[in-house]
Amino acid sequence: MKKSIYILFVLLILCKSIQIAYCKNEVFNFKSVLVDESSSLFVWLEDLDKNSGKVVLSGVDMGAPKQPFSWNWGDGAYSVGWFPQNHIYQNVNRNYLVEVTAYYSDGTSSSTVIVVQFVDYSISKVPLPQNSSVFIPEEHVPLQSRLYSIPQTMIPFDDSFFINVERSTIEYILSVASMIQMDFVNNDVFLYNNSFNQYIFRDPDFGGGYSVWFTNPPSFALGDYVFQGTISWPSLFHEMAHGYTLNTPAGHYYGGKIDGNANAIFSETIAQIFQHSTAYVLINNAEEYGLPEEFVLELELISLQSFRGIKQAFDKYLEDNLPFSTWNYPATDYDDAGGATICLVMKFIENAEDSEQGYRTSVKRMMDFLQMFDEELRINYDQSHNSESGAEFRATLFVAAMSYSFDKNLVNEFRDLNFTVNDQIYTDLMNKFSSQFIQEPEPEPEPEPEPEPEVEPLGKIQIMVYDENRAPLRQVTVYSTSQPEGQSTLEGATSIDGEVIFEDVISGEYVFKAMKEEYESATSSGSIAPGDTIELIFYLEQIMSEPEPEQPRGIPGFSTESVIIGSSIVVLLLWVQHRRIMS
């Protein structure tokens, strides 16, 4: 797997540190990072024992201070010392803000703040939409793939991961973020069962996170570190964003159509923009969602540090003489398109901070432009070839989308960053987008149609197939041999979980047959009411191969005795004939 010198640095910071002074009287934004130099001081929570109150904080300061750090532990205690530092809190029924300050030889100093969390957030939950929730299931949830194989290492998170922040609290906060991102994509996303509820799974073999956007329901997986210590909320917003942006637009979503070596400039760029924009909207509307100031502070610190990593990566891109690419070369061990991603994210945030329309409107306008994606644009995107035309199209597509987002031509700004913007492609894209809004003459009103008869609600049939040992059987052919009048024959094959689902079925009696090579076929039946769901279970027994019968000897159709007698008679007749000839 490639490791981007740009993106990796950001993720390392996200996983380990939160900093920047907090001023609760200010409206949250990223302007302080745009104008300030990057801090060299990073602090993270190494260990926390809730029973004893002992915490261990560690960190690093690339500015190499000449004297030990000063520590304000937030409970009235102060100390001086190098990393790591231990402290024991007497009261573990509250949380604390720890401030660490470094002093440098040139007389300057740098401070960072970290939240030490012993108890859960006190949240005043408000009703949220039911079609964009986020769940962290305690038990196995069956997933169906629309495209790729589902990783088999994905398992549920058990309760041991939710010591300080409860599972339901994380689900609520992420559901608020998901509601914001659903708005970002203008509610234009592929739905499963009329919703876009995402599920989070654990992958103990993976050190980060990855989106499994192609499953029904959509999901993503995280390594064990995510819920241990300080939760990196922006990282979770990032993975959620992959689910939304790769499943939009609903009728021709990007996922699967841009995958491969040209994927990162779309998926990583938009996920990073969603990540920071989600934090901005959530923090500035925290009271509306019932989120406490303590959580808001923590999210501010992490989000500002996340963008600080983006800015540092952008500065490095400039220092490296603008290594622009929209293509990841298989032979390299880093993300070749990382520079393009960083530039796009940086320019988006710069313009959002300067624009009066804010982040929500800016993201929605950008996505509105990108959601004109169709087969023509997919071909021009040229996901499978490192062609000059494909590279120009990919670069120009995002510059055009961002130009529309902020209602200003950003071509020259991006050309200064080495983006290969093509003027003709830019014009064509703008014209294509504008053509969607040309109003056709309104047709004359048609007479009102006769009211249609009331339609009976449709149901769902869930079929599970197991072997005699109750293990799920995959690739079992299941079809209906009898169904209600008006219902076509139902046929499908079981998934890896031994499941096949038939949706939107007419009510009535059904008979199903399950068949698989080397197994005895089986039949089951059931009746489904309007709008109801039924489950049918098959158990298939494996056919035991019988030994082949011993092949009979001799001449087919004659017994051995008959063959012997017949042979003897023939020999006798030949002997008599021979004697006559001799005489």
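A: In this predicted model, the chain contains 13 helices and 20 strands. Of its 583 residues, 49% are buried. Contacts between residues at least 6 apart in sequence join residues at least 24 apart in 69% of cases. The accessible surface of the chain is about 29,500 Å², and carbon and sulfur atoms account for 50% of that area.

The part examined here is an open sheet of 4 strands, in the order S4-S3-S6-S7, with antiparallel pairing. S4 and S7 (109-116) are its edge strands, each pairing on one side only. From one strand to the next, the twist averages 20°. In general, the strands of a sheet pair through backbone hydrogen bonds, in either a parallel or an antiparallel sense.

Strand S3 covers residues 69-72 and strand S4 residues 78-81; the two are antiparallel and share 4 bridges. Within this pairing, Trp71 lies opposite Ser79 of S4, and Asn72 has Tyr78 of S4 as its bridge partner. S3 and S4 make up a hairpin, with 5 residues between the two strands. Gly74, located in the turn, has a positive phi of about 85°.

S3 is also joined to strand S6 (residues 96-103), by 3 bridges, and these two strands run antiparallel. In this second pairing, Ser70 stands opposite Thr101 of S6.

Technical notes:
Residues numbered from 1 in each chain as written. Predicted model: local features only at pLDDT ≥ 70, side-chain atom pairs only at ≥ 80, totals over all residues. Heavy atoms only, no water. Buried < 20%, exposed > 50% of the residue type's maximum accessible area, 1.4 Å probe, protein only. Contact = heavy atoms within 4.5 Å. Areas by Shrake-Rupley, 256 points an atom, 1.4 Å probe, with all protein chains shown as cover. Pairing = 2+ DSSP bridges. Axes fitted to C-alpha atoms, helices over the stretch in contact; angles between N-to-C directions.
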